[in-house]
Amino acid sequence: MARTLTELTGKKWKRGLQARAGGAEGADVYTEDLPYHFECKKGKRPPLKGALEQAERDCSEGDVPIAIAAIDRQEPIVLMRLEVFLEMFQNHLCWLEHRSQ
């Protein structure tokens, strides 16, 4: 996933350490200058809701919690709360409107 995000964004994404001091977990994939916290799961039945809850629990204030799941060699899916998606979508629509002016 880190390689895919690096190719897509042009920014260097890295695989995170799986645990931080104090028992909190770090993001599975991160970059220094974008406010996203990704939890990545794969397997036959990855814990989708649990992955999103982990991202929400472990992300820093202001970061966007996102879970990515790859179910047995299928195309990965992205999970986020609807309110988070709607806010991101609204921001994207505003950006498109501003760009077209």
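Predicted model: local features only at pLDDT ≥ 70, side-chain atom pairs only at ≥ 80, totals over all residues.
Residues are numbered from 1 along each chain as its sequence is written. Local features need pLDDT of at least 70, side-chain atom pairs pLDDT 80 or more, while totals for chains, interfaces and linings use all residues, and side-chain values use heavy atoms, without hydrogens and water.

**Exercise 1.** Find which residues of helix α2 are buried, and what they pack against.

*Solution.* Start with the element: α2 spans residues 48-58 (helices are DSSP runs of H or I, at least four residues; strands are runs of E, at least two; both are numbered from the N terminus). Next, pick out the buried residues, those under 20% relative accessible area with a 1.4 Å probe and protein chains only: Ala51, Leu52, Gln54, Ala55 and Asp58. They sit on the same side of α2 because they cover an arc of only 155 degrees around the axis, taken from the directions from the helix axis to the C-beta atoms. Finally, look for the partners: the buried residues pack against β3, β4 and β5 (77-79), with contact meaning heavy atoms within 4.5 Å.

**Exercise 2.** Work out which element gives the most to the lining of the second largest pocket.

*Solution.* First, list the elements giving two or more residues to this lining: β4 and α3 (82-100). Then compare them: α3 gives the most, with 7 residues.

Conventions
Buried < 20%, exposed > 50% of the residue type's maximum accessible area, 1.4 Å probe, protein only.
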